[in-house]
Amino acid sequence: MAPQSVRVTTRGYAVVGALAVVLLLGLGLVVKAFGSDGGQQPAPQATSGHHHTAIIGKAPPQHHLKKAPPQHQATSTPPPSARPHQLHVTGIAGPLTPGSCLSLPPTHGDRSQTVFLDPGHGGHDPGTSGTTSNGTLLYEKTATLAVAKQASKALRADGYTVVMSRTRDSDVVKLPPSDFTGSLFTPHGDHLEILSRIACANAAHASVLVSIHFNSFPDTAVGGAETYYDTSRSFGKSNKRLAQLVQADLMMGFQAAGWAVPDRGTASQTDQSGGALTAEGESYGHLLLLGPHKAGWNDHPSTMPGVLTEPLFLTRPTEADIAASPQGQHVMGLALAHALETFLAHE
Ligand SMILES: [Zn+2]
C-alpha cells in the first residue's frame, strides 16, 4: 500500500513533521534490513564429521556476464491474511520444530510462485566451520541461515513466496534421542533430517529449490565457489541451467565486490556420492536432497528443479571473512535471488 500523501497546509510544521516521520520509518526499515541476521550462534560442543568433498585442481570455467544484479524494492507490511505460517508436512519422522518449514508471503506484489530455500545444517548439526582473519569462529549453519534470509528478503520483495526449511538455529524435525550421538545426529538422524527438508519442499509445491552450504578443506589455501546439480532427474536440464545461473551470479557478485573467490564451476552429482556418511548413502550416488527415488532410502524425492551451492570455503580465512560479514551475506543472497528469478522467468 502506498503511504498516505502529505496534505499541503498553511502550517509548514505539519509537512516537516510528516517528512520527519517518513524519514525515521525509512531509517527503521534500513536498520531492520541489515540487522542481526548474521549474528553468531552459541558454539556447539563439537563439529560433525563433515560431508563436503573438495575437488581440487580443476580449471575454473570462464563466465562472460553482462547482466546487472536486480534492484530490489523496499518492503511493505503484508496484509494479516498473508502472514508467515508453518506448512503442514506429512510423512516425516517427527513433528516440525518451531520456525521450520515456514512459508513467507511476498512483501510486494504476488507472482503466485514459490521458491524453497534450504539453509544447510542447523540445530544439532553445525556443519563445517572455519575462522575469519581475525580469529572468529564461524559455523556453516550460521552463515547458511544468514544468506538464506537475505535471499528470502529479496525474493519476497520481488513478489515470490519463499518457503524456508528453517528460520532459526534449529533442526527441521524433532527426532528421538536414538537419532543422536551426544549432541550430534547419527547418520540415520542426518538422513531423516534431510528427508524432512525434501518433504517440506514438496509440501510447499515450490517451483525450484536451492540448498545453501559452505565448503571446507584441510588445506586452508583452497577456496572457491561451486554449485552441484543432478542430471539424472526428469528435470535434469533445468537443474544444470539453474546451477550455471547460480554459479555465474555468485561469481559476478564476488567480482563486483572486489573479492577474489576462485570459480570452481558447476558439477553434476549424478555419478558422485556427495560425501555420503554411510555405505548405503555411498551406493545411492546422489545428493539426497536433489537425487532420484530409491525405495527405502529416498521414497519421496524432491519434485522440482534444484541445486546445492557452496559459495565459499569457510576453511580459507579470506572467504570466511566474506561468509561472516553482513555485506558478504547480502551479496550472496542477492546473487541467489537474481539467479532464481532469471531461472523462473524462462522456465
Ligand atoms: Zn554443508
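Helix α4 goes past helix α7 in a right-handed crossing. Keep in mind that this is a predicted model.

**The α4/α7 pair**
- The α4 side of the contact is made by Arg-241, Leu-242, Leu-245, Val-246, Asp-249, Leu-250, Met-252, Gly-253 and Ala-257.
- Over on α7, the contact residues are Val-331, Met-332, Leu-334, Ala-335, Leu-336, His-338, Ala-339, Thr-342 and Phe-343.
- Sort the residues of this contact by class and you get 13 nonpolar, 3 polar and 2 charged.
- As for geometry, the axes of α4 (residues 236–257) and α7 (residues 326–345) cross at roughly 145° and come within 8 Å.

**Helix α6**
- This helix covers residues 317–324, and its buried residues are Glu-319, Ala-320, Ile-322, Ala-323 and Ala-324.

**His-300**
- You'll find His-300 in the loop that links α5 (279–284) to β12 (306–310).
- His-300 counts as partly exposed because it has 13 C-beta neighbours inside 10 Å, and the buried label takes 20 or more.
- Leaving out residues up to four places away in sequence, His-300 touches Gly-91, Ile-198, Ala-199 and Asn-202.
- One of these, Gly-91, sits 209 residues from His-300 along the chain, yet their C-alpha atoms are 9.3 Å apart.

Conventions. Residues numbered from 1 in each chain as written. Predicted model: local features only at pLDDT ≥ 70, side-chain atom pairs only at ≥ 80, totals over all residues. Axes fitted to C-alpha atoms, helices over the stretch in contact; angles between N-to-C directions. Helix = DSSP H or I, 4+ residues; strand = E, 2+ residues; numbered from the N terminus. Left-handed = near helix turned anticlockwise from the far one by under 90°. Contact = placed C-beta atoms within 7 Å. Nonpolar A, V, L, I, M, F, W, Y, C, P; charged D, E, K, R; others polar. Buried ≥ 20, exposed ≤ 12 C-beta atoms within 10 Å, placed from the backbone.
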